[in-house]
Amino acid sequence: MQDKNVASYASRQLKHVFTQKDLNLRQRRWMELLKDYDITIQYHPASIEVSATFIEEIKAKQFEDENLNELKNNTVIGKTQETTLDAEGVLSFKGSICVPRVDNLIQKLLTESHGLLYSIHPGVTKMYQDLKRIYWWPVMKKDIAEFVAKRQNC
């Protein structure tokens, strides 16, 4: 059991605030507020990840998508250098897992990744940057922008 209160956050801005010599006005105000509390602040880098079972579902349904099936065929015959097939037969584009446009998988992925504990409603650019490190699908940025636009909290 903890003796102190713990604040977890996903912003790098507070990470080094206690070790900086010169603080800006905003940081000084925060320090002034926090000094009266017995609190520990922990930094949790925000990352967008989904459950392993969801990733397995993506892998299992990749080739139900006609576009990804065509990409796979082009990869096999050597027509494209940007896509690869790993030993398990999983298609990747520039190192990111290709997500099929079947069974609302893209919508499920966006919903699950947006609602993570440390994501703090990341907005279009942050969400796109985080997702593209792991996943890829055609018109990905447009899908993310439309998804975020429908959310009032972002």
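## Helix packing

For the helix pairs here, axes are lines fitted to C-alpha atoms, over the stretch in contact, and angles run from 0 to 180 degrees between N-to-C directions. Two packed helices are described by the angle between their axes and the distance between the axes. The elements themselves are DSSP runs numbered from the N terminus: helices are H or I with at least four residues, strands are E with at least two. This is a predicted model, in which local features need pLDDT of at least 70 and side-chain atom pairs count only at pLDDT 80 or more, while totals for chains, interfaces and linings use all residues. Residues are numbered from 1 along each chain as its sequence is written, and side-chain values use heavy atoms, with hydrogens and water left out.

Take α4 and α6: they pack at an angle of about 55°, with their axes 11 Å apart. That makes the two helices oblique to each other, the class left over once angles under 35 degrees are called roughly parallel, over 145 roughly antiparallel and 65 to 115 roughly perpendicular. The crossing of α4 past α6 is right-handed; handedness is left if the near helix is turned anticlockwise from the far one by less than a right angle, and right if clockwise. Helix α4 (residues 105–114) also packs with helix α2 (residues 52–61), at about 160° and with the axes 11 Å apart. This pair is roughly antiparallel, and its crossing is left-handed.

## The overall layout

Stepping back, the protein has six helices and six strands. Going from the N terminus, the order is β-α-β-α-α-β-β-β-α-α-β-α.

The protein has 154 residues, and 32% of them count as buried. Here buried means under 20% relative accessible area, exposed means over 50%, and partly exposed is in between (1.4 Å probe, protein chains only).

## Salt bridges

There are nine salt bridges in the structure, each being a side-chain nitrogen of Lys or Arg within 4 Å of a carboxyl oxygen of Asp or Glu. One of them joins the side chains of Arg101 and Asp143, at 2.7 Å from N to O. This pair ties together distant parts of the chain, 42 residues apart: Arg101 sits in the loop between β5 (96–98) and α4, and Asp143 in helix α6 (residues 140–149).

Asp130 has two partners. Its salt bridge with Lys126 has the closest N and O atoms 2.8 Å apart, and both residues lie in helix α5, four residues apart, or about one turn of the helix. The other is with Arg133, where the closest N and O atoms are 3.5 Å apart. Asp130 is buried at 6% relative accessibility, Lys126 is partly exposed at 36%, and Arg133 is exposed at 51%. Elsewhere, salt bridges that share partners join Glu57, Lys61, Asp103 and Lys108 into one network.

## Around helix α5

Val124 is another residue to look at in helix α5 (residues 123–132). Val124 is partly exposed, with 26% relative accessibility. Val124 and Glu146 are 22 residues apart in sequence, and their C-alpha atoms are 8.8 Å apart in space.

## Two loop residues with positive phi

Asn104 has a phi near 55°, a positive value in a residue other than glycine. You'll find Asn104 in the loop between β5 and α4, where it counts as exposed at 57% relative accessibility.

Val139 isn't a glycine either, yet its phi is positive, at about 50°. This one belongs to the loop between β6 (135–136) and α6, and Val139 is exposed with a relative accessible area of 51%.

## A nonpolar patch

Trp30, Leu33 and Tyr37 make a nonpolar surface patch of about 360 Å². Patches are built from residues with over 30% relative accessible area and no salt bridge, joining like charges within 9 Å and nonpolar side chains (Val, Leu, Ile, Met, Phe, Trp, Tyr) within 5 Å. The areas come from the Shrake-Rupley method with a 1.4 Å probe, and for residues only the protein chains shown count as cover.

At 44% relative accessibility, Leu33 counts as partly exposed.
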